[in-house]
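Welcome! Take a moment to open the structure and turn it around before reading on. The report below walks through some of its features, one topic at a time.

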Amino acid sequence: MSGKLLLLLGAALMGSLLLVMILGVQRELEEPTVVLVSTGRLLLKQGDAVVLDEAYALEFDPEAGYLLNSLTDLLVDGRVEALAQQSRYDEAFRPLEYQLVAQTADGTTLVSAYLTERGLEMSVQDGEGMHQAVAEAAAARLALLDRNVMAQYVVLLHAIRAEALDRTFTAAVPQALQSTRCHVEGPYTVSFVANGEVRQGKQFRLYMDEAEIRLIVEDGQLIGLTDEARGVVGYDAMRYPEGISLRLPGSEESSARRAMAERHGTVGQGMSCT
């Protein structure tokens with residue numbers, strides 16, 4: 001083969017490779033990029049015992065919207081049960097669809113929910129068959145707060161801070177095939193203890209049924225929540241491995257909290273460990 005022909009073939013090959021590279025870069029620029037919004041490991045403690053351990057990731061896909069995935073270990077009657085869920089939201093953090101698989105001592109339970117014109121249509125399939133219900137509400141007044149899925153409070157916080165959700169809204173609880181009326185207030189300034197230091201943050205107060213859940217926020221991120229009626233505290237162990245406390249050194253809050261807990265006999269629908 002002559003040197004001239006080799007040069008021509010080499011030039012043609014280089015041109016082809018260059019074209020492939022250019023087209024690849026163009027496709028990469030044109031294809032939507034999935035962005036990791038936040039990730040964490042949420043622990044829920046009752047007293048000194050960890051009753052829920054949930055690892056989550058919240059991503060934004062320009063085509064699919066916000067995607068929340070999480071894996072949970074749940075302590076029930078001395079045994080560990082596993083939950084896996086995915087929640088999808090639109091750009092305004094409105095729930096579009098939801099799937100959850102729960103592996104329990106009674107077998108596998110499949111939970112799903114889809115947004116329709118009526119509201120969020122929910123279904124539960126277990127050993128007893130298929131059960132369905134609808135959480136009826138306008139999209140701007142609808143949130144997804146299922147049992148034992150703490151990461152959904154991360155999305156709730158985004159919706160509240162973006163003013164994409166009315167302050168009075170309906171929360172769907174698909175595992176229970178129920179919905180509950182909620183109201184949120186705040187933000188208020190709050191002091192909390194973490195890593196042995198008193199720190200400043202913000203809190204929102206979420207009222208669900210007769211329970212009050214406090215969402216603790218630092219640097220715009222959910223770092224903890226409390227349900228005073230049950231004496232449970234949740235926190236992001238990736239940020240504060242030793243947990244957080246709203247009981248400041250030398251304060252008299254603990255006795256007031258105990259008195260409040262004695263007056264409340266019920267639990268908010270969403271943050272449950274049963």
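## A charge over a ring

Let us begin with a single contact. Arg205 lies over the face of Tyr188, at 4.8 Å from the centre of the ring. Please keep in mind as you read that this is a predicted model.

## Strands that pair

Strand β2 covers residues 49–61 and strand β3 covers residues 65–76; the two pair in the antiparallel sense over 10 bridges. To find your place in this pairing, look for Ala55, which stands opposite Leu71 in β3. A hairpin of three residues joins β2 to β3.

Strand β3 also pairs with β4 (residues 79–89): these strands run antiparallel and are joined by 11 bridges. Here Tyr66 stands opposite Tyr89 in β4. β3 and β4 form a hairpin too, with two residues between them, and Asp77 in that turn has a positive phi of about 50°.

Gly119 has Glu136 in β8 as its bridge partner. Two residues lie between β7 and β8 in the hairpin that they form.

While you are at β7, look for Ser123, which has its place in this strand. Is Ser123 buried or exposed? Ser123 is buried, because its relative accessible area of 12% is under the 20% that marks a buried residue. Ser123 and Pro174 are 51 residues apart in sequence, yet their C-alpha atoms are 6.9 Å apart in space.

## An aromatic cluster

How many aromatic pairs does a search of the whole structure find? The search finds three. In one of them, the ring centres of Phe60 and Tyr66 are 4.7 Å apart and their planes meet at 50°, so this pair is tilted. Phe60 and Tyr66 are both buried.

Tyr66 also pairs with Phe93, and this pair is stacked, with 4.4 Å from centre to centre and 25° between the planes. The pair links distant parts of the chain: Tyr66 belongs to strand β3, while Phe93 sits in the loop between β4 and β5 (95–104), 27 residues apart. Tyr66 has a relative accessible area of 15% and counts as buried; Phe93, with 11%, is buried as well. Together, Phe60, Tyr66 and Phe93 form one aromatic cluster.

## Empty space inside

Now for the gaps between the atoms. Rolling a probe the size of a water molecule over the atoms shows where empty space is left. A search of the whole structure finds three cavities of 30 Å³ or more. The largest cavity has a volume of about 100 Å³. Of the 14 residues that line this largest cavity, Phe93, Ala143, Leu144, Leu156 and Ala159 are the closest to its centre.

The largest share, four residues, comes from α2. Sorted by class, the lining of the largest cavity has 12 nonpolar residues, one polar residue and one charged residue.

## Backbone details

Finally, a few places where the backbone deserves a second look. Most residues other than glycine have a negative phi, and most peptide bonds are trans. The peptide bond from Gly186 to Pro187 is cis, with omega near 15°. Pro187 lies in strand β11 (residues 178–194).

Leu177 is not a glycine, but has a positive phi of about 55°. Leu177 is found in the loop between β10 (168–173) and β11, and is partly exposed, with a relative accessible area of 23%. Asn195 is another residue other than glycine with a positive phi, near 55°. The place to look for Asn195 is the loop between β11 and β12 (197–208). Asn195 is partly exposed, with a relative accessible area of 45%.

Conventions
Residues are numbered from 1 along each chain as its sequence is written. This is a predicted model: local features need pLDDT of at least 70, side-chain atom pairs count only at pLDDT 80 or more; totals for chains, interfaces and linings use all residues. Side-chain values use heavy atoms; hydrogens and water are left out. On a 1 Å grid over the protein atoms alone, a cavity is a set of points where a 1.4 Å probe fits but cannot get out, and a pocket is an open set with protein on both sides within 12 Å along at least five of seven lines; lining residues have an atom within 4 Å of a point. Grid points are joined across faces, edges and corners, and a volume is the space filled by probe spheres set on the points. Ala, Val, Leu, Ile, Met, Phe, Trp, Tyr, Cys and Pro count as nonpolar, Asp, Glu, Lys and Arg as charged, and the others, Gly among them, as polar. Two strands pair if DSSP finds at least two bridges between them. Rings of Phe, Tyr and Trp (its six-membered ring) pair if their centres lie within 6.5 Å; planes under 30 degrees apart count as stacked, over 60 as edge-to-face and the rest as tilted. Buried means under 20% relative accessible area, exposed over 50%, partly exposed in between (1.4 Å probe, protein chains only). A charge sits over a ring if NZ of Lys or CZ of Arg is within 6 Å of the ring centre and within 35 degrees of the ring normal.
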